[in-house]
Amino acid sequence: MDIVLVVLVAVIAVVLGAVIGYFVSGKAAKGTMKKAKDDADKIVQTAQQEAESTLKGAHKEAENTIKGAQLEAESERLKMRKEAEAESKDRMKEVRAAENRITQREQTLDRRVESLDAREHKISSLQGQLDQRERNLEAAKGEIEQRLQNIAGMTSEEAKEELLETLRDEVTRESATIIRDAEARTKAQADKTARMILSLAIQRVAADHSAETTVSAVSIPSDDLKGRIIGREGRNIRSFEQITGTNLIIDDTPECVTISCFDPVRREIGRVTMENLIADGRIHPARIEEMYEKAKAFVDQRVREAGEQATFDTGIHDLDPELVKTLGRLRYRTSYGQNVLNHSLEVAYLTGVMASELGLDPVPAKRAGLLHDLGKAVDHEIDGSHAVIGADLAKRFGERPEIVHAIEAHHNDVEPNSVLDVLVQAADAISAARPGARKETLDAYIKRLEKLEEIANTHKGVERTYAIQAGREVRVMVEPEVVDEAATTVLAHDIAHQIETEMQYPGQVKVVVIRESRAIDYAK
């Protein structure tokens, strides 16, 4: 690169000299033409000499540069050669070490192969000895069998068959005895355990119930207020019934008016509205509507509080808010005079206790027990069984399938298929059927007892019938010459089936047919 640069500089200098000479000779006078030409020749000659000198220097410098590069390349080649030789030596060392290790392993394997060959030879010798012993044993066994056959007078196959037959008969008898004893013990233990669990559950959650009705009585300060409640031409009473959706009964009962409605929440709103109107003293359609709105908000608040309190008491805190509100409506719902919310709480406690005694998780049991009568909150608005309605509500608001099925199955609308279903049924029956839980009028009670005795007396061979235990048991005395022992069981079943078909009653009725022995069945 430096040589080319020097040559270019020289060429440019020559050209510039020529151009300068041309211009100088053109402008000079003819007299000085020769002198100028001589001077130009000198300049050109001088420039050529300098260019040649520069070119020689550039050649020299280029040769020196080439020689330096050649020396440097030779030095680099020698260095790389030394490094390659050193690396080759290291690799040779590694290869030799690996060869040594492989040689040692081969020697070790050779020794192991020799050892295995020796062991195999020894094992072959022992196997031969064992085979000889087995042949000796087989010969001795055959000799012994022949002797036994000669002594017993039968072949070995016949002896085996006889032994197996004897063992089979003994095992059959013993297994039948064991099974019968186990069934008896299991049944006795199951009855004992069931009674213990039920008695424990009832004892732990025993609660008092006050009978409730489907009408609400509101006290008034004096009978003079009845006229103001009725209003001019009955306009107040019409407005009250239209706004609240209830029936207002004003009769000769002193200092009292009655509010009747099948919807318990509406009846409660009407009662609160009437009490507020009586306390305020101003009774007219506009005031009735104002008091109704206040009463509705108040009752809605109490419904939510009742539902939240029920979930808090049972330890269930993840119910859908709509289910909590629907549950709270049961506070104003009654069944045979029994408050349904209190009944649901009692069933939840009973189910939880029985599940714990059986070793099951009490939380889902309590949940199913608390929600089992959920449909009664809206059964006056939706057609169908309250169990099916409650199951639909629970399913709609995200309850698990086993909870939904337990709700639907607690009155056998569907077949129970789990322990949880049976526990809810049992707890519901305990809470509803125990004495004092539900109200029944004297007339209805007497008619129910008479109906039970009448059903039993219609059957052939019945001598006398007694309905006892508040109608939960019927004892039937039969004529021994007409009804034999086998017929007592059939008679008990027929009476129980007729009671199931023709009567409505809480819980179950026990039918006892008495002759010389007793046959018992239950109307469930």
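1. Buried here means under 20% relative accessible area. By that cut-off, the buried residues of helix H8 are Leu323, Val324, Thr326, Leu327, Gly328 and Arg329. Their cover includes H6, H7, H9, H10 and H11.

2. Some context for the whole chain. The model is predicted. The chain holds 15 helices and nine strands. Of its 524 residues, 31% count as buried. The accessible surface comes to about 34,300 Å², and carbon and sulfur atoms account for 54% of that. Take the contacts between residues at least 6 apart in sequence: 59% of them join residues at least 24 apart.

3. Helix H7 deserves a look. It covers residues 285-314, which makes 30 residues. From first C-alpha to last it reaches 43 Å, close to the 44 Å expected at 1.5 Å a residue. Gly315 follows H7 and has a positive phi, near 75°.

4. Which residues of H7 are buried? They are Arg287, Ile288, Met291, Tyr292, Ala295, Val299, Val303, Ala306, Gly307, Ala310, Thr311 and Thr314. The spacing in that list can be read against helix geometry. An α-helix has 3.6 residues a turn, so residues three or four places apart point the same way. The buried residues of H7 pack against helices H5 (235-244), H6 (264-280), H8 (321-329), H9 (340-357) and H10 (362-371).

5. Arg302 also sits in helix H7. Its relative accessible area is 22%, so Arg302 is classed as partly exposed. Leaving out residues up to four places away in sequence, Arg302 touches Glu268, Arg271, Arg331 and Tyr332. The C-alpha atoms of Arg302 and Gly328 are separated by 7.9 Å, although the two residues are 26 apart along the chain. Gly328 is among the buried residues of H8.

6. Now the nonpolar cores. The largest has 36 residues, and Leu327, Leu370 and Leu420 have the most contacts inside it. At least two residues of this core come from each of H7, H8, H9, H10, H11 (386-396), H12 (401-409) and H13 (419-433). H9 gives the most, with eight residues.

7. What does Leu420 touch, not counting residues up to four places away in sequence? Its contacts are Pro364, Ala365, Ala368, Glu402, Ile403 and Ala406.

8. Next, a strand pair. Strands E2 (residues 247-249) and E3 run antiparallel and are joined by three bridges. Ile249 has Thr258 of E3 as its bridge partner. E2 and E3 form a hairpin, with six residues between them. Why is E3 described as largely enclosed by the rest of the structure? Because four of the five residues of E3 (residues 256-260) are buried.

9. Two backbone angles to check. Most residues other than glycine have a negative phi. Glu255, in the turn of the E2–E3 hairpin, has a positive phi of about 50°. Glu233 is not a glycine either, yet its phi is positive, about 55°. Glu233 lies in the loop between helix H4 (224-230) and H5. Is Glu233 buried or exposed? Its relative accessibility is 72%, so Glu233 counts as exposed.

Methods:
Residues are numbered from 1 along each chain as its sequence is written. This is a predicted model: local features need pLDDT of at least 70, side-chain atom pairs count only at pLDDT 80 or more; totals for chains, interfaces and linings use all residues. Side-chain values use heavy atoms; hydrogens and water are left out. The expected span of a helix is 1.5 Å times one less than its number of residues. Buried means under 20% relative accessible area, exposed over 50%, partly exposed in between (1.4 Å probe, protein chains only). Contact means heavy atoms within 4.5 Å. A nonpolar core is a set of buried Ala, Val, Leu, Ile, Met, Phe, Trp, Tyr and Cys residues joined through side-chain atoms within 4.5 Å. Two strands pair if DSSP finds at least two bridges between them. Accessible areas come from the Shrake-Rupley method with a 1.4 Å probe; for residues, only the protein chains shown count as cover.
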